[in-house]
Every structure is written in structure tokens, then in C-alpha cells.
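The sequence and the coordinates are shown first, and the account follows.

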Amino acid sequence: MARAATVGVPRGGLPAWLKPVVFLACLVPLARLFALGFADELGTNPVEFVTRSTGTWALVMLCATLAVTPLRRLSGWTALVRLRRMLGLFAFFYALLHFTVFLWLEHWFDLGAMLLDVIERPFVTAGFLAFVLLVPLAATSTQAMMRRLGSRWQALHRLVYLVAPLAILHFWWHKAGKNDFLEPAIYGTVVGLLLLARLVKRRR
Amino acid sequence: MLIRSAAPGEPAASEITPRSAYDGRRNVLKAAAALGAGALSGPVAAQLAPPSSSAAQRLAAVPSPLSTSEPPTPYKDVTTYNNFYEFGTDKDDPARYAKSLRTRPWTVVVEGEVAKPRMFGIDELLKLAPLEERIYRLRCVEGWSMVIPWIGYSLSALIRQVEPTGNAKYIEFFTLADPKQMPGLSSQVLGWPYVEGLRLDEAMHPLTLLTVGLYGEVLPNQNGAPVRIVVPWKYGFKSGKSIVKIRFVEKQPLTSWNRAIPHEYGFYSNVNPNVPHPRWSQATERRIGEDGFLQRKRPTLMFNGYGDQVASLYAGMDLRKHF
């Protein structure tokens, strides 16, 4: 089933330079945070800035990961799938940074207080769940794990269809305090379209 | 153009607390940022420079015994990190877009349940009572705080001018809502104009400040020029900006945030570490410009530390219910 999309004329593999370029591009948001920190340009509330930046980029990387399959189908360029693991791992990487800022700078590694926050506040619950569900996906992203898990690997990685809506919900409820839903609506639409694309009957 | 020159021997507000001293503390942040970046950077000093202020911008004021002795937040932070949705919802929007606000001429209509309704021009307001510098803590509902050297006088001085009737139980404040001057009005995040309100006894409390300046100068537009209200024991959004109308009413007014999200923002909105916001705890806060990147948040004080003065206003009230 996973191979269904390989039907059609493959347009060759990835050019050798593409993977390193995408890798470096994915590091730009992190490099930017360091550069801004270095220049004392993280703004008036640096913790807020870093929290939002890492959260936003986790979501962007998640969208990029989800975009691989529809793009591959549209273009017929099957080799695109070889970028997917890297994009997914970057989504996890920025989510991990986002979570670390929350655990460290909000809760000072007080796990009890952090979990209480997770239980008491649906907005935190949604974000935390999205992050926790990403952990097994990152952990099983290696070729060896793919081979070991076989068909169960794909079933497991369908968790991303839960992670993405949870991330949107987290963002939506966060913005509810500002009564300003423009940004979560944009990301929500993108995620919605990317998920919908999977329901469309596959081309033969 | 302005206002009142300092009497002989009276210190200019700017001399009471040299701004350079506050700005120096910004180094805490710089050090924290450098910790993350691995080295210390050079070109930071440029953005710490005090604003160039013309003589026309300066306001003379006497220090108030109601001031806190805590060090004020740097001018740059006070004037570039603002919530003022009429100019956009991002915190740097007001500083960027509020230049389009015309603060003169400016009038404030005072009406409703008062014996002497009238209109005040901004110059009248500036002379209505002696200007004081009041250094207050400001706690935003979002979990950050500042210390701001405001200039103004107790709102009660204005209230006494119009003689509220026995029916006046509450006061409504209306912010200007002019789409030509305020680009944020095109967004529907809140109903316009922005409305805030206080109970009459809250409005009469000496701490409640009719505010026309900060840091020894007239209010910058993004901070609510030319006249705003400051209620230091309540979350920041209770302190309406760029006020054009004050109305005395009998019933508790429907305020903007209370109307938009009633389960999150109550009418009273007293700073209260024991009543969490639905999406975050209110037990702690981050002091802008002082609590650096790697510094723990500080505990939030009941009534923002003004409990001795204002707790009696709420005797017998359940502040979880009337949040």
C-alpha cells in the first residue's frame, strides 16, 4: 500500500545537493534565534519570543512533512519521499525545543508543576499530547526500526494525523486569549488541506 | 505648546530617577542572551539610548508618596511592548502604527449621572490638579509586568468636578475609535470602541490615576496618549487608553474583554495569584527588562502588591466569582 504511489514514471532520484540544502534551510530558524540572542534582538520578552518561534517552526516543519506525500503524487517525483524523514525529525526537533523552553523557563524542571499545568489547562494538554505523540515517531525513524516494525511502522506513523490537529488546537486555544485567530486559521487550513489530500482517491 | 514649568527648586521628573541607571539593568538580559550565544556582543548600547525629547514633550511633576521604590522598566521596553489593539494585536504594532494618532486637539466628554456634565480639553485636563510622578507596578493578564513612572493625578480630582449624582454607581471609559487614525479597527478581534469600567469607589480611590505622561514626558501615543486611566491593582487591560468619553452609570457596564470572552476576563480583573486564567497560572510573572532569559519568574502579589490600600474595597466579596 505504501508503494502504491510509486506507480508511474519516476523522474529520477534526488540530486545530491538537495538533501544538504534542505537540511541547512531547516537549521535557519535555529541559527536566527542564536543570531538574535547574540545581538540582544530577541525583543522585550525574549522567553515569549523563543517560545513562539520554536512552536511556529515545529508547526511549519510538520506541514512540510505532511506536504511530501501530496507533492509526490502531484509531481510524480517519487524520490521526494526521501526528504520526509528529515523534515519530520526537524518538526520533532523544534517541538522538543518548544517543550524544553516550557519545562525549563516556565517550570524550572518542576515536573509536578508542569504536569499539573498539562492536566489543568486544555491548551497545554493539546500541545503536550502532540509533543508526546511525536516521540515514538522520532524514535522509530531509523531504517532499522522500519525494517523491524514492518507493516506496523506505517500504522504507528499514522499518529501524525493526530499530532497535526492537536498542534492546531493548541495554537488555536492559545490565540483565543487574544481573540485573534488569523494565524491558527491559516495553519489550520494548510493542515486540513494536507490531510484532505490523503482522502482523495489515489491516481492510477 | 505645553504645560507647566518646574517651580524653582522642584526637581524635573527626569532627574528623580536617571533613565541611564534603569537602562543599565538591560545588561542582565544581554548577559543571558550571551549565555545562549556563547559570547558577549558589542552593538547593544545603541538601542539603549534615551529618546530625544524636545522641551515641548517634557512634563514637570512632583514625586508621589504612592510610588514604589522598585526600579522602573527601561523606557524602550515601556514604549515598544504594548497591547493597544486599535493599532494591531502584536506587541510591537502600537509603537509602529500609533504615529497616525492625532492627540491635539483632544477633548474628553464627561456625561451620565452627574450634576455637571461637561467637556474637557486636554489643556484643561493637564491643569486640573498638580501633576505627580507615580511609579506603579503594572501587571498584564498575560503574565508579564513592568514598573512605570507615570505622570498624572488621582482620577477623583476630575470626578469631583462633575459631581456624580446618587445614581452614579459605576464609570465607563471609552477609547477613541477612529478608523482613519487607528488601523487596528479594521480587525474584528474586539468590538469598538474599547470600553472599560470601574465601580465608583474604585474610580474614586486615590491610586486610580488619570494619566498624561510617563518618564517625565507626555504620553507616547502607543501608551495611550494624550490621556489614559491607570488602575495599578488590576490587570493592565482595565486601564483604558486614549480616553474620549467618561460616562457615569447606574448599572455595571459591559466592558470590552468581558463581552468578548466572559469566562476568561471578568469585570473586576483584580490582580489575583490565586485565581488562574483558564490557560495559564497567574501565580507568577516575568518582570520585563529585569528578569532575564534564564531567571525564574517572580511571585505575583495579591492586588499587585496594593492590597493594604485596596483590599477593603472588596471586603466580603468572593473574588473567585467576581474575578
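## The surroundings of B:Gln181

Neighbours within four places in sequence aside, B:Gln181 is in contact with B:Phe87, B:Ser100, B:Leu101, B:Arg102 and B:Leu176. The structure is a predicted model. In chain B, the loop between β6 (170-175) and β7 (195-199) holds B:Gln181.

Is B:Gln181 buried or exposed? With a relative accessible area of 5%, B:Gln181 counts as buried, because the limit for that class is under 20%. The side chain of B:Gln181 also forms a polar contact, at 2.8 Å, with the side chain of B:Asp178.

## Extent of the interface

Chain A and chain B meet through 27 residues of chain A and 41 residues of chain B. About 2900 Å² of area is buried between the two chains, and carbon and sulfur atoms give 52% of this area. Three residues of chain A, namely A:Asp40, A:Thr44 and A:Lys178, supply 25% of the area that chain A buries against chain B, more than any other three residues.

## Polar and charged pairs across the interface

Between chain A and chain B there are three salt bridges. One salt bridge joins the side chains of B:Lys91 and A:Glu48, with a distance of 4.0 Å from N to O. Eleven residue pairs are found in polar contact across the interface of chain A and chain B, where both residues have a pLDDT of 80 or more.

## The side of chain A that touches chain B

Which helices of chain A each supply at least two residues of the side that touches chain B? They are α1 (18-38), α2 (46-75), α3 (84-106), α5 (122-139) and α8 (160-176). The largest share, four residues, comes from α2(A).

By residue class, this side of chain A divides into 13 nonpolar, seven polar and seven charged residues.

## Confidence of the prediction

The model as a whole scores ipTM 0.79 and pTM 0.82. For chain B the average pLDDT is 87, and 84% of the residues score at least 70. Over residues 1-50 of chain B, however, the pLDDT is below 50. In the model, this stretch has 89 contacts beyond near neighbours in sequence.

Notes: Residues are numbered from 1 along each chain as its sequence is written. Chains are lettered from A and ligands numbered from 1 in the order in which they are written. Side-chain values use heavy atoms; hydrogens and water are left out. pLDDT is the predictor's confidence in each residue, from 0 to 100. Contact means heavy atoms within 4.5 Å. Buried area is the accessible area (1.4 Å probe) that two parts lose on being put together, summed over both. A polar contact is a pair of N or O atoms within 3.5 Å; within protein, one must be able to donate a hydrogen and the other to accept it, and residues adjacent in sequence count only if both atoms are side-chain atoms. Ala, Val, Leu, Ile, Met, Phe, Trp, Tyr, Cys and Pro count as nonpolar, Asp, Glu, Lys and Arg as charged, and the others, Gly among them, as polar. Buried means under 20% relative accessible area, exposed over 50%, partly exposed in between (1.4 Å probe, protein chains only).
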